[in-house]
Structures are given as C-alpha cells and as structure tokens.
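My notes follow the structure.

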Amino acid sequence: KADGGAEKLTFDTALELAGGRAALKGTMEALSATPSLNGTLTANHPELSDALAAFGGGNADRKLGPLAASADINGGLEAMTAQGRVRAVGGELTFGGRLLNALAAPTFDAKVNAGNPEFGDLLRVLAPEYRPAAARLGAFRLEASLKGDAEKVELPAIKASVGPASVSGSGTLALTGKRPSLTAGLTGGTIDLNPFLPAEDRRRAERGRSLLVPVSTAALAQAPAPPAQRFSTEPLDLSAMDAMDATVTLGASALIWRNFRVDNPNAKAVLADRVVTVEQLAGRLFDGDFLMKGKLDGSKVPALDATVTVKQANVGKALFQAAEFDVAGGRMDFQTALTAAGRSPFALISALNGQGSLKVRDGVVKGFDLKAVSDRLKELDKGLDFLRLLGSSMGGGETKFSALDGTFKVEKGVLRTDDLKLVAEAGEGAASGTASLPRWTMDFTTQFKLTEHPKAPPFGMQVQGPIDNPRRIFRFEALQTYLLQRGVGTLLRKALPPQPEQGGEQQPQEKRQPTGEDLLRGIFENLRRR
C-alpha cells in the first residue's frame with residue numbers, strides 16, 4: 001500500500017516467502033530531489049534453518065529455532081542511520097550505526113553487541129555433535145566497534161567473553177584479494193580451556209587389582225581388553241580455514257589446558273591459504289620456560305608438525321594425569337618434535353611420528369614407596385611379612401628421587417622408550433615399554449634394585465592397561481625366594497632347642513637330633529606367636 005506524491009510517500013508493504021514474513025513501512029520524502037527514508041523493517045520465520053536452506057545456505061535438518069529481526073532506518077543516500085535487533089538461536093544481536101555516501105564512495109561506522117545467556121546452548125544448536133566437558137559454560141558476550149569502506153574494515157575495539165574468560169583488543173579486516181584477511185591483537189585474563197574440551201567417556205573399566213604373585217604369560221593373555229576407541233574416525237572438517245586469512249596475536253594472564261597452566265602466554269598464529277602456523281606460544285609453565293611452535297596444513301590431507309620445549313619447570317602437579325602412577329614433583333626439562341598426517345583425529349594420532357627426551361631432578365613419583373620396602377627388609381626376622389608389605393608399598397605411596405631421565409621415540413602413534421632410569425631414595429629403577437595412543441593403552445616394565453641391600457635380587461613391576469588407569473603386576477620370584485630363605489632361616493633358628501654353652505659344669509642328658517616334626521612344630525609355634 002502506498003499513498004502520497006513526490007514530496008512525501010507513505011507506504012506499508014508485506015511479503016510472505018519460504019514460510020516467513022517480512023514487512024517494511026514508513027515514509028519517503030523528496031523523491032524528486034534527494035530522497036530520504038524513515039521506516040521500520042521487520043522479519044520473522046518460525047525456523048531459521050528452513051529460511052537459510054531456501055536461499056541456498058545452512059542445513060534444514062539442523063534446527064536452529066525461530067528468527068525475529070527488526071530495524072529502524074532513517075536518512076538518505078548522503079547519510080543514513082540504522083538501529084536494529086536480531087533474535088535467533090537463543091541469543092540476541094543489536095547494532096547501530098550510519099552509512100555515508102551510499103552511491104559514490106560509501107563509508108560506515110557501527111557498533112555491534114551480541115549475547116547469549118548460555119554459550120553451551122548456542123553450541124548445541126550450531127554444532128549438535130559437539131559436547132563440551134562442562135554442562136554449563138556461562139554467558140556469551142561480544143562488543144565491537146566497526147568503521148570502514150568497501151576495501152577495509154577497522155575494528156578499533158573488540159570485547160568478547162564466555163563465562164569468566166574474556167579477551168579484548170583491536171583489528172583490521174581487509175576485503176580485497178582472494179579472500180578477506182584479518183589482522184588482530186588480543187589480550188585476556190585467565191583463559192581456562194578445560195570446560196570447552198570435548199567431554200571424555202565417563203565409562204571406565206573396573207580397575208584391575210595389583211597381582212602380588214609371579215604372573216605367567218597365560219595370565220597376561222587374560223588381561224582386560226583395551227578401552228573403546230578414544231579418538232573420532234569422522235573426517236576433519238577444515239572448510240572454515242578457507243573463509244579468510246588471518247594473523248592474530250594473543251596475550252593473557254594464564255592459559256589452562258588439562259593439568260597444565262601456562263602463565264603470561266604470548267602467542268602468534270597465522271592462517272594463510274588453509275595453513276595455520278603457530279609461530280610461537282611462549283610463557284611460563286610450572287615456573288619454568290615453555291615454548292611451542294607448530295603448523296596445521298589443511299590444504300590437502302590434514303598434516304601437522306609441532307615442537308614443544310619446557311625448561312626448568314617445577315612439576316608441582318601431576319605431570320602425566322595418571323590416576324595412581326605419576327610424577328608429582330621435581331624440576332623438569334622436556335622436549336619433543338612430532339609430525340602426523342591424516343583425514344580424521346584417529347588417523348592423525350595413528351600417524352604420529354617423532355622423538356623427545358625427559359629429565360627431572362629432585363622430585364617425587366607417586367604410586368610406590370621404595371624407601372618403605374628397603375626399611376622393612378632391614379628387619380630380617382620378619383621376612384615372611386615382607387611379602388605382604390611389598391604389595392602395599394608398591395601399590396601406593398610416594399618415592400623421592402634425585403634423577404629421572406629418558407628418551408623416547410614415536411612411530412605410528414606408539415611411544416617407545418628403552419632407557420628410562422630412576423635414581424631414588426633407597427633404590428633404582430630401569431624401565432622400558434610402549435604407550436599406544438590410538439588404542440590408549442600402555443605396557444611398561446620396570447626392574448627395581450634396592451641399593452641399601454646389594455645382595456637382594458631385583459624385582460619387577462609391569463604397568464599395563466589404559467594410559468590413565470593402568471594396573472600393576474609384580475614379578476618378584478627371585479626376591480621371593482631370597483626372602484623366604486632368609487625368613488625360614490630365622491624361624492629355624494628360633495625353633496631349634498638352645499645349644500648348651502661351652503664350659504662350666506653340665507648335667508648329663510640324653511642327646512638327640514631334632515626331627516622334622518620338631519622343626520615344623522617350632523616354625524608354626526613361632527608363626528602363631530606373631
């Protein structure tokens with residue numbers, strides 16, 4: 001509907017299309033000179049995904065919920081202002097700004113605010129297959145100022161937050177060239193990535209009990225089956241890397257990933273032609289120096305290579321995140337270089353190759369107590385009790401060590417070491433074995449030697465099973481024989497009748513040698529008194 005003439009025209013229009021409805025009503029003035037518009041635009045659709053699919057975008061099967069938008073537009077081709085609001089996918093976006101010289105050399109400046117009361121709800125709509133570790137991630141907020149023209153957009157002020165994590169900064173978006181190119185510098189506070197990591201499978205196999213007797217090959221063959229596949233075999237979708245090029249620098253108070261906290265991180269990443277290069281991610285890790293460099297090439301088959309270096313870190317927290325067996329203290333130097341190529345996360349992990357080294361000084365390893373084993377062995381008259389103590393001491397507790405050194409190689413996702421050496425309080429250990437990342441299982445064998453008891457033979461411990469929940473299998477046949485011999489010898493001495501002292505007057509008595517029955521009776525009597 002329209003009413004009026006060239007000086008002023010009042011209109012009211014409505015359009016129903018693809019299941020939605022749009023309306024524009026208002027007035028236009030000075031149509032014969034410099035036209036100006038004063039109007040309101042509204043648009044609504046019961047399902048945003050259907051509207052996008054009708055115009056060749058989006059996925060109609062992924063429901064996004066209703067769309068409601070409105071905007072007030074005022075001005076002419078020389079200068080026009082707009083204020084608007086869009087409600088969709090559970091959140092809201094508001095904008096306001098002006099457009100100058102719309103026909104000749106258009107320029108604009110605007111402010112945008114977007115938010116959602118729960119970022120997790122937004123993620124579930126936009127990426128239904130993704131499940132973050134945290135059930136609630138907190139509110140999402142974005143504030144940005146924009147100004148520019150058809151070739152370049154300046155972003156002088158950007159603020160974004162999800163829950164307690166926030167970043168701010170500025171940037172520039174170039175619109176010329178093969179694809180848009182973003183240059184941005186951001187700073188933030190403490191950024192905890194753990195709530196955003198994919199939720200881990202909570203189902204865990206029942207922890208296997210430590211076997212306190214010699215284990216045969218047949219027993220090992222009956223070990224629990226490896227856990228379900230941990231990494232997805234779905235192809236990686238890196239199509240977003242083709243949307244733009246970018247150079248981004250980030251500084252923050254701290255960056256937290258799993259058990260690792262990098263303080264004062266300084267990162268720079270470049271995206272160009274579907275290749276992301278992390279030129280550096282540097283900071284402080286456990287009071288030591290941390291540096292990571294890497295590249296992800298998404299131009300063909302996804303391929304990555306990365307190096308990580310840690311110097312003089314204070315391992316004040318669990319290092320390897322194992323439930324009962326871990327390095328929980330000491331000064332650490334660590335370095336590794338890794339490469340991989342594959343079309344899915346599982347393929348990448350299965351193709352991982354590289355090498356590295358580990359050196360820890362003056363630390364603590366949890367999971368066993370060598371000092372308790374050594375101290376108990378000093379009480380030779382309780383040799384039989386030692387077998388029970390071995391199980392408890394090697395099934396828990398902590399061991400202080402002066403040095404833990406080793407190197408490793410990674411081939412097709414399997415880490416192998418043959419020279420891991422532990423120099424600890426009252427003992428030493430030498431370990432070798434493998435950890436298969438694709439299967440998420442480990443199998444390491446360690447030989448322990450009690451340095452305070454040079455005549456005692458070494459004993460072995462096998463750590464086998466899921467990487468984050470292995471079981472321990474003890475092999476101490478030689479030590480068991482040694483202890484039984486020492487223990488039975490002590491019991492025999494206590495069971496035999498006392499021999500008369502030499503010298504002095506003795507009463508005549510019948511002499512007889514002790515029988516086997518006497519020996520057994522004495523042994524069991526001794527054990528009963530224990």
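I began with Phe408, which counts as buried because its relative accessibility is 13% (buried means under 20% relative accessible area, exposed over 50%, partly exposed in between, with a 1.4 Å probe and protein chains only). The model is predicted, so I kept in mind that local features need pLDDT of at least 70 and side-chain atom pairs pLDDT 80 or more, while totals for chains, interfaces and linings use all residues. Residues are numbered from 1 along each chain as its sequence is written, and side-chain values use heavy atoms, without hydrogens and water.

I searched the whole structure for aromatic pairs and found 8 (Phe, Tyr and Trp rings, the six-membered one for Trp, with centres within 6.5 Å; planes under 30 degrees apart are stacked, over 60 edge-to-face, the rest tilted). The Phe119 and Phe140 ring centres are 5.5 Å apart with planes at 40°, so I logged this pair as tilted. Phe119 is in helix H2 (residues 119–126) and Phe140 in strand S9 (residues 140–149), so the pair ties together parts 21 residues apart in sequence (helices, H or I, have at least four residues and strands, E, at least two, as DSSP runs numbered from the N terminus). Both Phe119 and Phe140 are buried. Phe119, Phe140 and Phe196 form one aromatic cluster.

I then returned to Phe408: its ring and that of Phe334 have centres 6.1 Å apart and planes at 20°, so they are stacked. Phe334, at 23% relative accessibility, counts as partly exposed.
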